[in-house]
Amino acid sequence: ASEPFDCPNSSFVLMGVPSLEVFPTCLGILFCLGYIITLVGNGVVLLVIGLDNSLRDPIHCFLAMLAIIDVVMVTSIVPKMLSIFWLKSTEISYMACFVQMFLVHSTTSLESGVLLAMAVDRYVAICHPLRYQAILNRQTIAQIGLAIVVRALLFMVPLTGMVTNLPYCRSRVVPHLYCEHMAVAKLACTDPRPSRLYSVAGSSLIVGMDMAFIAVSYGMILKTVLGKKSCWKAFSTCGCHICVLLLYYIPGIVSIYAQQFGSGISMHAQVLLADLYLTLPTMLNPVIYSIRTKQIRQAVLRML
């Protein structure tokens with residue numbers, strides 16, 4: 001543990017949930033059920049959007065993007081979690097750890113971008129309904145999707161490079177269920193503050209910018225519909241999106257700042273919060289859209 005290990009054959013040890021190691025079976029069952037619900041729910045959403053020709057409008061394209069991102073996000077962490085809980089397989093190779101880190105943190109950026117795109121979609125649909133198809137055509141949707149992916153890569157590639165280039169010579173034990181970048185960076189021989197500052201600044205910029213644009217979109221929607229008879233109808237069409245926004249951003253912001261500055265928060269609380277932040281929204285997103293969106297609900301019933 002005292003010698004640097006920076007070759008691809010080296011490995012880290014994922015500790016799991018500190019102080020809750022005596023409940024591996026129960027925790028494994030909970031995360032496994034959540035994973036199954038996520039796969040089934042998002043799979044059904046993708047299937048009905050793919051099979052039903054009436055679901056080709058922009059909002060359902062963005063919903064399909066969201067479902068794909070959710071599946072990638074949970075698949076990058078939950079199988080390894082279950083192997084830790086049930087098989088005691090705590091080791092993860094150097095390369096696998098950084099691939100997992102890249103997938104986890106890039107998908108969180110992608111999801112935030114898609115939620116912003118969905119807010120823009122609601123704004124155009126409510127404030128400019130006659131120009132909806134002209135503004136959000138297939139080319140525009142493709143460009144928005146590409147911009148979301150490029151932004152995530154521009155944020156994550158430098159961060160991953162900074163963390164992978166650190167020399168690791170301390171304990172190999174990562175006090176997490178997955179390779180959370182700050183938990184890994186703390187094991188480095190050198191000062192990890194540059195990567196920490198970059199991570200906090202980058203994630204704050206992405207989340208802050210997206211939330212600001214979402215707030216502007218909903219502010220303009222409010223200005224357009226307030227006092228009109230269609231007010232409640234407009235809000236009902238935005239209900240699903242608002243629920244998903246709250247479910248994603250509130251735990252996400254709490255988790256990010258708890259990891260970075262929450263010295264007074266117990267380690268097992270930080271780990272569980274980080275895990276729930278990644279798994280809970282991905283599980284509930286398809287449930288929210290299936291229950292609250294009439295088109296999705298009817299498409300599921302037709303398919304069945």
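Helices here are DSSP runs of H or I at least four residues long, and strands are runs of E with at least two, numbered from the N terminus. What you have open is a predicted model, in which local features need pLDDT of at least 70, side-chain atom pairs count only at pLDDT 80 or more, and totals for chains, interfaces and linings use all residues. Residues are numbered from 1 along each chain as its sequence is written, and side-chain values use heavy atoms, with hydrogens and water left out.

**Stop 1: the annotated segments.** (UniProt positions follow the numbering used here, feature names are shortened, and annotations may be inferred rather than shown by experiment.) Residues 61–86 are 92% helix and 0% strand, with end C-alpha atoms 37 Å apart.

**Stop 2: a pocket.** Now show α1 (24–51) and α10 (267–292), each of which supplies at least two residues of the lining of the second largest pocket. On a 1 Å grid over the protein atoms alone, a pocket is an open set of points with protein on both sides within 12 Å along at least five of seven lines, while a cavity is a set where a 1.4 Å probe fits but cannot get out; lining residues have an atom within 4 Å of a point. Points are joined across faces, edges and corners, and a volume is the space filled by probe spheres set on them. This pocket holds about 220 Å³. Pick out Phe 31, Tyr 35 and Met 283, which are among its lining residues. The largest share, six residues, comes from α1. By class, the lining has nine nonpolar, two polar and no charged residues. (Ala, Val, Leu, Ile, Met, Phe, Trp, Tyr, Cys and Pro count as nonpolar, Asp, Glu, Lys and Arg as charged, and the others, Gly among them, as polar.)

**Stop 3: the largest cavity.** There are two cavities of 30 Å³ or more. Select His 105, Thr 108, Ser 203, Ile 256 and Tyr 277: of the 25 residues lining the largest cavity, these lie nearest its centre. About 330 Å³ of space is in there. Which helix gives the most to this lining? Colour α9, with eight residues.

**Stop 4: the second largest cavity.** Finish with Asn 42, Asp 70 and Tyr 289, which are among the residues lining a space of about 40 Å³. α2 gives the most here, with four residues. The lining divides into six nonpolar, two polar and one charged.
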